[in-house]
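Hello,

Here is the structure I promised to pass on. Have a look at it first, and then read my notes below.

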Amino acid sequence: KESVLFAVIIIIAIIIRFIGRDFESGDMHRFLFPWFIEIKQAGGISSLSEQVGDYGLLYQTLIAIMTSTPLKAIYLYKLLSVSFDFLLACAVYRIMRDGYSVGSKHIISPAIVAGGILLLPTTIINSAFWGQCDSMYTFFCLATLYYLSKDRFTLAFIFYGLAIACKLQSVFILPFILFYYLKRQNFTLLYFLITIIVIWLTGTVAFIEGRSLFAPIEIYHNQTFEYQSMYLNFPSFWVIAGNDYVSLKVFSVLTTGIICLFGGYAYLTDIRFDNRNGFYEIATWFVWTMVLFLPSMHERYAYMLDVMLAMISFFDKRHIKFAVIAVCTSLFLYGNYLFERERDVPLLWLSVIYLSAYLMFSYNLFFRKRKAGTSIQSC
C-alpha cells in the first residue's frame, strides 16, 4: 500500500511541475532571462570572466553550461530546480529513515514523508513556477546536517561548502553547527577549511577564465548591500519594530546573535536535545531565528524553514501547527508576488502571527516536556 501511495505522490508531483513549465515569472523577465542571454552572447563558459547577475560562481557556471544546450532557457532553469526538488526529497528520506521502525504502526513511512515534501506548495511554486533555485541550497544544507549527525564530518563540510556556493542563505544553519561543535566537541573547526576549499573549487572554471580569486567574497559582500530595507514582502520581526535600515541594520544583527546565544546555551545545557529529533528541531529553531530577526529578508528566504518545519512535524505532531502557519504564510506571499494579485499584503498582522508562532515553538522546544527520540550517536 505504501509503495503504491508513494508512486502516486511521485506521479502527482511530476504532473504538477509539468503544468508549471511555461509560466514566466516577473523575476525571469527581470533577471534570469537577461542573465541567460548575456552569458550566451558572451560565449557561454567564456562569460565567466565577468560577473553576470548577483548569484555565486557555481550558479553562473551552471547557466553557462545550460546555454550550450538547445532547450529554451525557461525549461533549463526549471529542470535544474526541479531536479533538486527530488534530491531534497531524498535527503528528507534519509533523515526520516533513521527513526523509522518497520514494525511500528504509528510512524509514517520515510518515503511518504519525502513524497509529502515534494507536494508542499512552496516547493512546487518555487521551482516549477518561479524557476528559483532554493531547493539547491536547502538540499545541501539538509545533507550537511544529516552527515553531521552521523559524525561523517568531511562529507558534512563538503556539502556545506556546496550550500554556501549556491546561496548565502546557507548561513542560517551556521549558528547551529557552531553550537553543535561546542556540545559534542568530537571534531575540529578546521573542517571549515574544507568548506572554504569547496566554495573556491566551485569557481574553478571562472578562475581559469580569468576571474579574481576574491570573486566569491566580492559577490557575497555585494549581496549584503543589495537590499537596503529591513524586510521585503516578508513578515519579519522588523515589520513590527521598524523599517529604518540605516539605524537598525547593525542592531538587528546583534539582536539575532544574542537570541542565538540564549538558544545555544539552552541547547548546550539540555540533554533532551541529545537525540535525532532534538538535533533537527533545534536546527530548525536556529533557522527560524535567523530568518525572523535578520535584516533584508524576503519571502523565499523562509524556504528552508518551511521544509524543515514540515519534516519535524513527523517527529512530533505538536509541530504541525507551526508548519501549517509557516507554509501558508509563504504560500500567500508567494502567490501575491508571483501571480500579481495587486492587493495590499497585511504584513503587520502576518508578522504578529509569525512571531507568535515562533515564540510558541520556542516555548515548546525549551520548556515543555519533550518526547524521546533516536540517539544521535546511533543515527
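Asp134 and Lys167 form a salt bridge, with their closest N and O atoms 3.4 Å apart; the term stands for a side-chain nitrogen of Lys or Arg within 4 Å of a carboxyl oxygen of Asp or Glu. Asp134 belongs to helix H7 (residues 134–149) and Lys167 to the loop between helix H8 (153–166) and helix H9 (174–184), so the pair ties together parts that are 33 residues apart in sequence. Helices here are DSSP runs (H or I, at least four residues), numbered from the N terminus. Both Asp134 and Lys167 are buried, where buried means under 20% relative accessible area, exposed over 50% and partly exposed in between (1.4 Å probe, protein chains only). A network of salt bridges links Asp134, Lys167 and Arg300.

Before I go on, please note that this is a predicted model: local features need pLDDT of at least 70, side-chain atom pairs count only at pLDDT 80 or more, and totals for chains, interfaces and linings use all residues. Residues are numbered from 1 along each chain as its sequence is written, and side-chain values use heavy atoms, leaving out hydrogens and water.

In the whole structure, the search finds 10 salt bridges. One of them joins Arg30 to Asp27, with 3.1 Å between the closest N and O atoms. Both residues sit in helix H2 (residues 26–41), three residues apart, about one turn of the helix. An α-helix has 3.6 residues a turn, so residues three or four places apart point the same way. Arg30 counts as partly exposed because its relative accessibility is 46%, while Asp27, at 7%, is buried. Asp316 and Arg318 also meet through their side chains in a salt bridge (2.9 Å, N to O), and Asp316 is buried at 4% relative accessibility.

His319 is in the loop between H16 and H17. With a relative accessibility of 3%, His319 counts as buried. Beyond its neighbours within four places in sequence, His319 is in contact (heavy atoms within 4.5 Å) with Glu281, Ile312, Ser313 and Phe361.

After H17 comes Glu340, with a positive phi near 50°.

Best wishes

Notes. Helix = DSSP H or I, 4+ residues; strand = E, 2+ residues; numbered from the N terminus.
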